[in-house]
Amino acid sequence: MSSLALTLRISSVVSVRNTKLGRSVSDGGRNWSGLTKLSEKSKRRRGYGLCCKAELSELAPAVSAAYGALLLGGGLFAYSKSGSKGSLFGGLTGSVLMASAYFLTKSPETKVLGDTVGLGAAFLFSSVFGYRLASTRKPVPAGPLLLLSISMLTFFVMAYMHDSLPAVSVPDPLPLP
């Protein structure tokens, strides 16, 4: 006696796509990633060590221009509202410092100097707005300007470290299987 088996082939949708991390294969509800490519890529990237991938060098001119424009606008606003010559002088000083940081960070030869000028100006304005907030105990306008200046200080510290420190190579302790 012979048995007759009926075989039905059901076609399923299989998609293959290449991603940054490797090759991904999917059939309906199940996903498989190309783990061999993923481990190969992670081995290659591990050799760079503590190198920042954020490309802060390209953002530094735009950030310094925006911060300088905000300082100038704030100084002009405070002068027109209350006649404060100190705010006008501070806004003009901040915009001149940030304009010089802008032009210095545009050139690869003077990028570190531009980051240093931006860092110094952000530190100056952080300390000025911190002193104003502590002495007046009024959160507006010194509080938001202090937060903005501290964030710019953080940005310029990271940009300075990115541009001036060399990339550190960390050896691979154990090979991946």
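Predicted model: local features only at pLDDT ≥ 70, side-chain atom pairs only at ≥ 80, totals over all residues.
## The nonpolar core

The largest nonpolar core holds 16 residues. Those with the most contacts inside it are Y67, L71, M98, F125, F129, M152 and F155. Helix α5 gives the most, with six residues. In soluble globular proteins, nonpolar side chains tend to be buried together.

F125 shows some of the packing in detail. Leaving aside residues up to four places away in sequence, F125 touches Y67, L71, G90, G94 and S149. Of these, Y67 and L71 are also among the core residues with the most contacts.

## The surface patch

Helix α5 spans residues 142–164 and supplies the largest share of the patch, three residues.

Y160 lies in helix α5. Y160 counts as partly exposed because its relative accessibility is 34%, between the 20% limit for buried and the 50% limit for exposed.

D115 is found in helix α4. D115 is buried, yet has no salt bridge. The nearest side chain of opposite charge is K111, 7.0 Å away.

What does D115 touch, not counting residues up to four places away in sequence? The contacts are A60, T105, F156, A159, Y160 and D163.

Key. Residues numbered from 1 in each chain as written. Heavy atoms only, no water. Helix = DSSP H or I, 4+ residues; strand = E, 2+ residues; numbered from the N terminus. Buried < 20%, exposed > 50% of the residue type's maximum accessible area, 1.4 Å probe, protein only. Core = buried A, V, L, I, M, F, W, Y, C linked by side-chain atoms within 4.5 Å. Contact = heavy atoms within 4.5 Å. Lys, Arg positive; Asp, Glu negative; His and termini not counted. Salt bridge = Lys/Arg side-chain N within 4 Å of Asp/Glu carboxyl O.
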